[in-house]
Amino acid sequence: MSALSSEQKRLCSQISANTRWAHHDPREELKPAHDGWRQRFVDEVDPNRELPEAERERRATSAMRAYMARLALQSSKARARKREDRATTHGTRSAYTAGCRCEPCRSANAAYMRGRKAALP
Ligand SMILES: [Zn+2]
């Protein structure tokens with residue numbers, strides 16, 4: 001049996017998650033995990049529980065949003081690095097499809113597209 005590709009692993013996870021949520025209420029099942037996740041930010045902004053609850057909740061929400069934004073920034077930087085790594089040979093269609101938009105890569109893509117159009121009946 002061959003190993004699953006990352007795409008196949010992703011689909012397997014999707015199948016099992018959706019099968020599970022088809023039979024159970026995710027809000028109920030995930031509540032302990034969500035509460036724990038939320039608690040971490042509450043602890044961060046008010047470890048000694050000195051703030052009024054509304055203010056503690058407001059700050060915890062902001063801390064959580066900042067955390068998620070940091071993750072998104074890291075992810076964006078990692079994707080940009082990956083794109084750059086793949087686009088090493090400029091002036092090729094493969095560099096263009098990997099995300100490079102420098103002039104030689106755009107020209108290579110334009111030439112490829114002209115060739116495809118010309119091949120159409
Ligand atoms: Zn390029």
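Buried residues make up 7% of the 121 residues in this protein, which is shown here as a predicted model. The protein contains 5 helices and 0 strands, and its radius of gyration of 24 Å is well over the 14 Å that the globule rule gives for 121 residues, so the protein is more spread out than a compact globule.

**Overall form**

- Read along the sequence, the elements follow the pattern α-α-α-α-α.
- Taken along the principal axes, the box filled by the C-alpha atoms is roughly 70 × 40 × 30 Å.
- Among contacts between residues at least 6 apart in sequence, 0% join residues at least 24 apart.

**Domains**

- The domain assignment gives domain 1 as residues 24–86 and domain 2 as residues 88–121.
- A distance of 41 Å separates the C-alpha centres of domain 1 and domain 2.

**Helix α1**

- Helix α1 covers residues 6–23, 18 residues in all.
- From its first C-alpha to its last, α1 reaches 26 Å, close to the 26 Å expected at 1.5 Å a residue.
- An α-helix has 3.6 residues a turn, so residues three or four places apart point the same way.

**The largest nonpolar core**

- The largest nonpolar core has 5 residues, namely A95, Y96, C100, C105 and A108.
- Two elements, α4 (93–97) and α5 (103–119), each give two or more residues to this core.
- One of the core members is C105, and when residues up to four places away in sequence are not counted, C105 touches H90, G91, T92, A95, Y96 and C100.

**A loop residue with positive phi**

- R49 is located in the loop between α2 (26–45) and α3 (53–86).
- Although R49 is not a glycine, its phi is positive, at about 50°.
- Most residues other than glycine have a negative phi.
- R49 has 9 C-beta neighbours inside 10 Å; a residue is exposed if that count is 12 or fewer, and R49 therefore counts as exposed.

Methods:
Residues numbered from 1 in each chain as written. Predicted model: local features only at pLDDT ≥ 70, side-chain atom pairs only at ≥ 80, totals over all residues. Core = buried A, V, L, I, M, F, W, Y, C linked by C-beta atoms within 7 Å. Buried ≥ 20, exposed ≤ 12 C-beta atoms within 10 Å, placed from the backbone. Helix = DSSP H or I, 4+ residues; strand = E, 2+ residues; numbered from the N terminus. Contact = placed C-beta atoms within 7 Å. Domains from an automatic or database assignment. Expected span 1.5 Å × (residues − 1). Rg over C-alpha atoms; globule rule 2.2 N^0.38 Å.
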